[in-house]
Amino acid sequence: MTTQSSIYTPLINPKLMRKIGLFFLQILLSLLLITFLLPAIWMVSSSLKASTEVFAHPIVWIPESPQWKNYTRIFEILPFARFAWNTFVVTGLAVFGTIISSLMVGYSFARLNWPGKNIFFALMISTMFLPEIVTLIPRFMIFRELKWIDTFYPLIVPHWAAVNAVYIFLVVQFLRGIPVELEEAALIDGANRIQILLHILIPLSKPVIASIAVFSLLQHYNSFIEPLIFLRSMDNWTMALGIRALNDTNVQNWELVFAAGTMMVAPVLVLFIFAQRYFVQGIALTGFGGR
Amino acid sequence: MAAKNFSIPLVRRNRLRDWTAGYFFAAPFIIGFLAFYAFPMGYSLWMSFQKWDLLTPPKFVGLANFTKLLQDPIANLSLYNSFYYTVIAVPLQLIFAFALALALTQPLRFRDLYRGGFYMPILIPIVASAVVWQRVFHPEFGILNETLGWFGVEPKKWLFDPALAKPAFILMSFWMIGRMMVIFIAGLGNIPASLYEAASLDGAGPLERLRHITIPMMTPLIFYNMVIAIINSFQTFIPAQIITQGGPENATLFVVLNIYRQGFDYFNMGYAAALSWEFFVIILGFTVAQFYMSNRWVFYEQ
């Protein structure tokens with residue numbers, strides 16, 4: 001706001017008006033946020049309810065005695081420890097591959113010159129607009145030929161080949177903002193490209209690596225359709241498939257479904273609290289973020 | 001990079017080394033693109049001319065899959081459902097996200113907490129959010145009917161009512177506007193304050209500033225969010241797969257769910273490939289049309 005006095009005399013002091021406006025905005029936003037978060041709050045609260053409380057009218061918001069056994073019960077119904085381990089393995093290996101391959105490819109697009117680079121860059125951007133289902137059906141056929149169905153390979157291998165262009169784009173955008181002088185000096189000193197990437201760019205790129213890590217972690221942890229198509233036996237299921245199965249088989253036991261949901265959300269929320277700035281930065285750099 | 005006093009052969013050798021390095025570092029993407037995009041797309045095109053149930057060898061049927069999909073009432077219904085969902089959900093999402101971003105760039109207390117709160121649902125795994133919303137909409141024990149009841153609204157059947165199932169999915173989609181909101185917030189922060197100051201000096205009120213400065217300056221991001229949101233909305237199907245299985249009366253049978261079923265439930269692989277190509281062409285057409293029309297309303301700074 002300017003301190004300039006205006007030409008007309010307002011009836012009410014504009015500063016006071018603005019304060020009152022902000023006050024009402026604050027109240028409105030608070031109400032909206034509570035409404036917005038109600039489903040999540042309800043999920044957590046219901047995960048600790050006794051089965052009679054879940055269906056009580058009016059809604060019970062705070063369970064009388066928290067039923068922690070709901071959480072142990074789901075491990076008895078389905079092998080959720082196994083699902084958690086599978087999710088951990090798949091997510092870990094896919095995220096690791098995404099980071100390495102995106103850094104390599106991003107470096108190549110941002111810093112090196114080679115024939116066909118512009119064409120491949122355009123192709124890379126266009127894959128971001130391609131509906132997943134279009135390649136999913138033929139990919140299934142290919143993995144079937146390779147006897148990869150019901151293994152983790154279809155969920156991991158493509159990500160070592162930088163199939164998610166968003167992350168490459170993130171690296172390219174980031175490197176464009178870093179001056180090249182340092183690398184040129186290192187080249188003149190006789191460093192090769194691998195040394196430059198390892199010893200100069202990767203240390204500088206820590207924030208962008210963190211952004212890739214949090215987003216791809218979220219992507220693979222949340223992934224549903226690919227595990228659904230590529231995994232078969234229960235031994236290989238991820239958490240997402242486990243929750244779906246629990247939801248289908250325990251239609252009446254809402255508290256168990258909510259407990260499983262809460263259990264799956266909790267690690268992500270913890271991650272968000274610690275890594276919030278990498279989320280915001282990743283979105284600011286690419287305009288993408290989340291799904 | 002090549003200094004002037006370098007002899008030519010050395011420059012050439014350097015360039016060759018550059019190329020090799022370029023291909024080496026780009027190799028993951030080049031291989032990935034060929035193996036997981038280009039080849040599958042070609043393969044899928046070939047599949048779309050076959051009848052293939054995975055049990056017997058594929059049989060060439062010419063354009064049969066494509067003539068079938070044009071007359072298939074279920075396929076056309078799934079297109080209609082996705083159109084309906086997208087056309088209503090996307091504008092509302094944009095307005096809602098933009099309004100939130102405007103509000104959350106004002107000097108409020110605990111602003112970061114609000115921003116984090118509205119972004120939070122993005123983090124919830126889609127399966128978890130689906131099973132929760134399935135119950136939010138439950139006619140008898142869900143919180144939606146309960147809260148609406150406080151305001152005297154009669155309980156509705158939501159996901160069990162063919163007329164309300166799609167609106168329920170649209171309502172659910174508002175839970176995911178955090179991504180758009182964050183992008184808008186970042187954009188609003190980049191509008192030069194000098195523009196607003198100049199407008200204030202000219203006596204422009206808040207609404208005029210919004211109309212003549214904020215919205216024009218934000219059109220590139222509105223456009224960007226719109227393109228991405230349309231693509232995403234057309235692809236919505238996981239909640240439908242988990243919550244309603246396409247029902248009631250196929251009211252939530254979206255395009256991708258229909259393709260998924262044809263492929264992975266009924267094993268009509270050739271037909272599913274043809275459907276996915278139809279879908280691809282539609283999405284491509286929409287995206288190209290949007291870029292074409294963007295000249296008329298998107299404002300780019302010089």
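## Two helices side by side in chain B

In this predicted model, helix H12 (residues 255-265) of chain B packs against helix H13 (residues 269-297) of chain B at an angle of about 160 degrees, and their axes are 7 Å apart. H12(B) and H13(B) are therefore roughly antiparallel to each other, a label given to angles over 145 degrees, where angles run from 0 to 180 degrees between N-to-C directions and axes are lines fitted to C-alpha atoms, for helices over the stretch in contact. Helices are DSSP runs of H or I with at least four residues, numbered from the N terminus.

The contact (C-beta atoms, placed from the backbone, within 7 Å) involves Val255(B), Asn258(B), Ile259(B), Gln262(B) and Gly263(B) on H12(B), while H13(B) contributes residues including Met269(B), Tyr271(B) and Phe279(B). Sorted by class, this contact of H12(B) with H13(B) has seven nonpolar, four polar and no charged residues; Ala, Val, Leu, Ile, Met, Phe, Trp, Tyr, Cys and Pro count as nonpolar, Asp, Glu, Lys and Arg as charged, and the others, Gly among them, as polar.

Helix H8 (residues 178-189) of chain B and helix H10 (residues 206-235) of chain B have axes that come within 10 Å and cross at roughly 165 degrees. That makes H8(B) roughly antiparallel to H10(B). Here Met180(B), Ile183(B), Phe184(B) and Gly187(B) of H8(B) meet Met218(B), Leu221(B), Asn225(B) and Ala229(B) of H10(B), and the contact has six nonpolar, two polar and no charged residues.

## A buried methionine in chain A

Met239(A) lies in helix H13 (residues 239-249) of chain A. Is Met239(A) buried or exposed? With 26 C-beta neighbours inside 10 Å, Met239(A) counts as buried, since a residue is buried if 20 or more other C-beta atoms, placed from the backbone, lie within 10 Å of its own, exposed if 12 or fewer, and partly exposed in between. Leaving aside residues up to four places away in sequence, Met239(A) touches Phe83(A), Ala84(A), Thr87(A) and Met264(A).

## Where the chains meet

The contact takes 76 residues from chain A and 73 residues from chain B. On the side of chain A that touches chain B, the residues divide into 55 nonpolar, 15 polar and six charged.

## How to read the numbers

Residues are numbered from 1 along each chain as its sequence is written, and chains are lettered from A and ligands numbered from 1 in the order in which they are written. In this predicted model, local features need pLDDT of at least 70 and side-chain atom pairs count only at pLDDT 80 or more, whereas totals for chains, interfaces and linings use all residues.

Terms used:
Angles under 35 degrees count as roughly parallel, over 145 as roughly antiparallel, 65 to 115 as roughly perpendicular and the rest as oblique. Two residues are in contact if their C-beta atoms, placed from the backbone, lie within 7 Å.
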